[in-house]
Amino acid sequence: MRVLWSIGLLSAAIIAFQLALMQVLSIVQWYHFAYMVISVALLGFGTAGTVLSIFRKKMLAHLTAWLFWLMMGAGLGMALVTGIAQTPAIRFDAYLLFTDLKQAGLLLLNYLLFFIPFFLGALAIGLLFVAYAERISKLYFANLTGSGMGGILALVGVGILSPQQLTTVMAILPVLAAWLILPRRYLIVLAAIVIIGLKWMFPSPLHLSQYKDLSKTLLLPGAKITREKNSPGGLIQTLTSPALRYAPGLSLNATTTGDVNYAAFVNGDWFGAVLKADTSCILNYTTLALPYVIGPRKEVLVLSAGGGAHIQQARSNGAEKITAVEPNAVMLNILQNDWGPGVRALALEPRTFLSTGTEEFDLITLPIAGSFGGAAGLFALQEQFVLTREAFLEMWIRLRHDGAISVSAWMDYPLRHPLKLLATITEMLYSAGITDPRQHIAAVRSWGTITFAVTRSPLTAKEIAAVRQFCEDMQFDPAILPGLLESERAQYNQLEDTLLFHYINRILSPGGNGFYNDYDFNIRPATDNQPYFQQFIKLSRLPRLAGFLGNRSLPFLELGYLLLIATFVQIILLSFILIIVPLFRKGWKSAALPGILVYFSGIGYMFVEMVLIQRCILYFGTPVYAAAAVITSLLIFSGLGSYVSPYLMQPRKLLIAVLICITGLLLVYAPALTPLLQNTMHLPLLFKAFIVLLLIAPLAFLMGIPFPAGLSYVARTEAAAVPWAWGVNGCLSVISTGLASIIAIELGFSWVMMLAAAAYGLVILPLLSASGRSSFRTGQKKPFSNLQQSHR
Amino acid sequence: MFKRSTVQTPHIRTFVLMQLATAILTLALSAAPFQEDAYRESRNAMVTQQIRKEGIRSPAVLAAMRAVPRHLFVPESMRSYAYSDRPVPIGYGQTISQPYIVAYMTQAITPQPGFKVLEIGTGSGYQAAILSGIVKAVYTIEIVAPLGQSANERLKQLGYNNVTVRIGDGYHGWKEQAPFDAIVVTAATAYIPPPLLEQLKENGKMILPVGSPFETQWLMLVTKKDGKAITKRLLPVSFVPFTRK
């Protein structure tokens, strides 16, 4: 029992440390670099498997000593690596990675540094797995449940403690794990004191990259941080400075700008600005005022309200009823006090709000798509369900007869955001039964922004005249308007060429989607199945773009997706080495190895987890808690499946039956999950939670069975391969996370689910071939027939 | 003999050491001009290969780019990159723009010897130094105090006496010296400060980059005509990091 607790604590520590580390790296660098660094560090699991498969006997011979040093090492690593990574000699800046070779070396050092605690912790768990192989299903249960608890611990922890403090707390868990199972406890107490002492002596203040939004804003005169709050969504900070102003794409006719009361940041990244009341009408001097020019807006829905500038604009235009929807609940609590009276504020995903209500609005506004000057494609991997074709259709349904949807974008180069927005709007209008979209779209352009107003009714002559007058007053240019002349399109804001208008015309023309194939960037509208609005890269066009923009330019154009691919390639290479090296050591003798590789790949599990998280984010409307709920319930039910597997497990046939059930369930879920969730989205939270539990529990329970069953089988028949099989699972789990993202971006979530089913189906093959011949080479005719005996 | 040699050895050692010291000193003293020559060559190559070749034709701009020692405007640790076709980090999240961009922006405002130019965003002072050799007076404002101070010292030290540096918020422009013939905004901004337009002379030009220096950027030229500002999105300088095609 103590061993189970020990494994549970270690597993909890590793997962919680991983989440805390992700938070630390997201604060000092960017989320995507955090993902890259941690993905590589997670290969510590695979490496642990390799090391164990090579040194298994030696390590088992001195089990107690090894466990002591590994657990203490893991604790010490967790306590210190974040601090060491912040020292000037090792600190790297992701922004300079493509300009300064030295940074690549520092990145490697960071990889190695963060690898240590994962490797040591995983090695300790692996050693326990090998040492107590006969109780593998229970150990695996402890491993999964502990990991689930670790997730909850981190979620609660990051709301109370800073990420650095959390890593210190996590560092104590491996020590506790050692305390439970090892003798000479005075040594363990001593080690704990050393860890805490070292952490105390070397505190680790975080140094943000100088290129982060917060770092730059802090350089403004009189800048000071006024609030700081840890939250599951990240570190929230607010900042004031007299030099802080907000007026995106301001008209050159404006005589003032908007003074900012304060700006809010999440993990050092810009979140939004709260304008001072006396200058809150400044947005009326931007293209964002377009919908108010077209007609009065009494009831306004502000989606992804952020800092609330759109709320203030609505109020300054006489809106009587404003509903603001913002998914970041902690931020909402901070900001809504400054939004002024009469605002109904809801902490929800915008899509969840749109799907669950029936109210109609005069105006629905969205934040500016993209960021000023682009965000280097850093958000390419971020699901944005509010910018999908389905989302726009839901908004359309919630409009009054004379209502409008308003959405803006920065004029980027090469053109991407404005074109994708227009394509999305046009397709939405066609699917809403509108035959001539041009009659329903007005778009005006300033020197920096473009705003689209999509009206429920065709634009009237009066409204068109009002838009023209607005352009004249503000020195904007109409880009789309019924009856617009070519000569009107660039009077004040001239362009080097007229390609923009050519593109607009092509998208608006019948058969305009043919343009999607011709254009070098992906401007096909995002859908709920592929909700990556800011993913513009077409992999097939990369060579052409590199030729046009230069090889070193490209990474900064679409950094997010390219980083994902770079991470994926790195992990594949490293995993290959980690898996192949022990094979050489083994001399490629065992015919069971290919079977083990397929069986323990674990790809299906990770694919399922990712799809369920994405679907539940939309379903529950709160991303962090939805993800936590899915991961935790998946792990716990899988843990239960693992726990009972020895009691259920009959000969091989039953295991095959389990795999067939999983495959079948996934094949049913693939087409049915989205409609089921969409049709029940309006139900109260408890009902929805119950539905999700019903969906996850049986699947997760079944998915918890094959791994321990297979591992205990390998333990009995080819004990030396246990750590290797475990390592294979560790490596491929990391690979499959990246692979799932790439498939979701390129093909959509339904494909991820289908491929998960295929992965589980594929696992049946080694079992079938193991029936009489060589694959799981055991010397037994019915290799899985005696599984029951191996579990006591 | 043995004795003699032992007596003489220290003298020989002293002599050799002295020779070595002299050689090192000579090398050290002669290294600076050598290095200066190397930088001059790099600068000429920069102008020929990165600037002239890419279409910058203004003789005044080309001469200024040849004359200003760019390596003295980048941190010492980054000097090897000073004449490369790329922006160089100068600390505080700021960069010195790649040479071509500096030349392009300077040419775009068609600077004349009698011009009074306002620069927003001094940075290391390089753009101001380039303008200094072409126009009558340059007024430059830097919001990051340490950057502004070091740029001021550097410009003074190098003898750019017609450049005046102010540390402050560039949003308000420089009312006391207004109006300006041209305004160069070196830092990208999500809005164009209204006071800057007010301080621009009739027919005056303002140029600013849009986008982050590490990303795709394009330049925008604002021309004031009949009191109205007309913007023109210039050919994207594909300012994209570090290479331009």
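In which sense do strand β7 and strand β8 of chain B pair, and over how many bridges? A few friendly notes follow, with the answer in point 2.

1. Before you start, please keep in mind that this is a predicted model, in which local features need pLDDT of at least 70, side-chain atom pairs count only at pLDDT 80 or more, and totals for chains, interfaces and linings use all residues. Residues are numbered from 1 along each chain as its sequence is written, chains are lettered from A and ligands numbered from 1 in the order in which they are written, and side-chain values use heavy atoms, leaving out hydrogens and water.

2. β7 (residues 200-210) and β8 (residues 218-225) of chain B are antiparallel partners joined over six bridges; strands pair if DSSP finds at least two bridges between them. Across this pair, B:Leu208 faces B:Met220 of β8(B). Helices (H or I, at least four residues) and strands (E, at least two) are DSSP runs, numbered from the N terminus.

3. Both strands belong to an open, mixed sheet of eight strands, ordered β14(A)-β9(B)-β8(B)-β7(B)-β6(B)-β3(B)-β4(B)-β5(B). Its edges are β14 (493-494) of chain A and β5 (163-167) of chain B, each pairing on one side only.

4. Helix α3 (residues 99-108) of chain B lies across β6 (180-185), β7 and β8 of chain B, at about 160° to β7(B). Axes are lines fitted to C-alpha atoms, for helices over the stretch in contact (heavy atoms within 4.5 Å), and angles run from 0 to 180 degrees between N-to-C directions.

5. In chain A, helix α3 (residues 44-61) packs on helix α5 (residues 101-131) at about 45°, with axes 8 Å apart. That makes α3(A) oblique to α5(A); angles under 35 degrees count as roughly parallel, over 145 as roughly antiparallel, 65 to 115 as roughly perpendicular and the rest as oblique. Among the contact residues are A:Phe45 and A:Leu52 of α3(A) and A:Phe119 and A:Leu123 of α5(A).

6. α5(A) also packs against helix α28 (residues 722-746) of chain A, at about 140° and with axes 10 Å apart, so these two helices are oblique to each other. Here A:Ala122, A:Ile125, A:Gly126, A:Phe129 and A:Val130 of α5(A) meet A:Val722, A:Pro723 and A:Trp726 of α28(A).

7. A word on confidence: chain A averages a pLDDT (the predictor's confidence in each residue, from 0 to 100) of 84, and 91% of its residues score at least 70. Residues 373-378 of chain A, however, fall below 50, and residues 772-792 of chain A stay under 50.
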